[in-house]
Amino acid sequence: VNGADTGEFFANHETHPDFSSLGITSPQLLQRLTKAPLRLERPSAVQAAVFDTILRGERDVIVGAETGSGKTLAYLMPLVEDILKRKREWKAMMAANKDDGMGGDQIMDPGYDYARAVILVPNKELAHQAVRMAASICGGLDRCVVWGADALGMDYNHRPSSSAKDIPEEDIVRLALLPGGMSAPQDFPPFRFATSSSPNQQRQPPPDLVFATPANLGPMALSPKHIDLFADISTLVVDEADMLLDGGYIRQLNNVLMGFRRADRLLDKYDSTSFRRKSDDYSEDESEPDEEEEGGAVLQKKTQHVFVAATLPDFGLRSVDAYLTRKFPNATSITMEGMHNARHYGLEDGSQTVWNELEENKDRMKRLADVLKLDREEVGVDGRGLKGEKVMVFLNTVNDVDGATNGLRRAGINAIPYHAKISLEDRTSNLDKFRRYRAPTDDDDDPSNRKDTVPVLVCTDVASRGLDI
């Protein structure tokens, strides 16, 4: 697909030797991909396969690729490339107008009022994780404008850090975390400030990428009076689509999809700045004649939907594959050959799976504590010891997690819990302590390198999908 070998992790080296071969024109984006902290040399197969399709924005896309294949960057790169290109063009236009005596201080106008794209993920943790990944190709968390930054452990919301004040406006990417409890777009400060017409409120540039959960965005889609928001946004990314299209997420996700369908369906019949801007942008970019409906109404540019998943179940009456085929029959489907195979690079070669059937909780806890306290050089009933290793322990219920965590602590094992009943702040902190932990190696046995970190995370299945640890 698009010169990528869908059976390999990396794209074909001959057709895609580096990221510029994808069609990335932004020098800032190319530099951020290859420098710290990412230090990437060339694109993965899925990144090469989907880049052009997402960048063009003309078709819906279904992306299926295994865990660890680079799916998040696969949809972020074309979006950030388009954002930076729009801003460079705006800067050039302002410079030309200034030379003609028409310039002056202008608010950055990248061609949208609310956002270039919305990225939907199942929960807040995955939203925070996606923001961090986006920040890595937008110059870093200290060089972005991040609304909702307090949720990421930062204390700023409006501008990059003081050390980054000299960043050109056209290089700044604005990221936003949409919180819950809002029923209208104007309740969210970035939207309110970007669309303000009040003389008492200075307009600000809009956020470029908005990260949200269906539960947070869904309520805004229920009312037709918020159609401006959904008409303005060009791309909707549904990450972890297989998870969102199943179980308790589907109702709110359908609300979001309904909001975009309503905006697309009403065409020019609704007198809105966002509608006019979207139609004008489309007519300028496309040389082909406009499509027409019966009665001669000109069709408006449609929202691009991008569904991203590690699995696309195709069994049962309510399968994810059947749903997407029914709702988006014209979508381009791009799937990797190893879509259902997780890439667990952290597992050592030759590792074994051990099954223990122990009836009593007390016996299971003792067995768990024993293997976690056994040195890695020693071999016990369950194989090699896991003392000092980075370990996740999954249990069925919140009570089980709390009980096991307390039991491990009593046994002298440093463990922390992770489940939905813990506050978001504490959950984020616990996950960060576990994420930063590094097991000691022969070259690094200094305990100070693991200060304020925890090796054992005891969790429910809330930690089972999508978390980068």
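**Aromatic pairs and a helix contact in a predicted model**

The count of aromatic ring pairs comes to six. The structure is a predicted model.

- Y114 and F191 form an edge-to-face aromatic pair, with 5.4 Å from centre to centre and 80° between the planes.
- The pair joins distant parts of the chain, its two members being 77 residues apart.
- Y114 lies in the loop between α3 (71–99) and β2 (117–120), whereas F191 belongs to helix α5 (residues 189–194).
- Y114 has a relative accessibility of 6% and therefore counts as buried.
- F191 is likewise buried, because its relative accessible area is 2%, and buried means under 20%.
- Ring pairs also bring F188 into a cluster with Y114 and F191.

**The pair F230 and F260**

- The ring centres of F230 and F260 are 5.0 Å apart and the ring planes stand at 85°, so this pair is edge-to-face, the cut-off for that class being over 60 degrees.
- This pair too links distant parts of the chain: F230 is in helix α7 (residues 227–232) and F260 is in helix α9, 30 residues apart.
- Both F230 and F260 are buried.

**The contact of α4 with α14**

- Two packed helices are described by the angle between their axes and by the distance between those axes.
- For helix α4 (residues 124–136) and helix α14 (residues 424–435), the packing angle is about 55° and the axes are 11 Å apart.
- The crossing of the helices α4 and α14 is right-handed.
- On the α4 side the contact involves K124, E125, H128 and Q129, and on the α14 side L424, R427, T428 and R435.
- Sorted by class, the residues of this contact are one nonpolar, three polar and four charged.

**The loop residue D246**

- D246 sits in the loop between α8 (241–244) and α9 (250–266).
- Is D246 buried or exposed? D246 counts as exposed, because its relative accessibility is 52% and the cut-off for exposed is over 50%.
- The C-alpha atoms of D246 and V320 are 7.5 Å apart in space, while the two residues are 74 residues apart in sequence.

Definitions and conventions. Residues numbered from 1 in each chain as written. Predicted model: local features only at pLDDT ≥ 70, side-chain atom pairs only at ≥ 80, totals over all residues. Heavy atoms only, no water. Axes fitted to C-alpha atoms, helices over the stretch in contact; angles between N-to-C directions. Helix = DSSP H or I, 4+ residues; strand = E, 2+ residues; numbered from the N terminus. Left-handed = near helix turned anticlockwise from the far one by under 90°. Contact = heavy atoms within 4.5 Å. Nonpolar A, V, L, I, M, F, W, Y, C, P; charged D, E, K, R; others polar. Buried < 20%, exposed > 50% of the residue type's maximum accessible area, 1.4 Å probe, protein only. Phe/Tyr/Trp six-rings, centres within 6.5 Å; stacked < 30°, edge-to-face > 60°.
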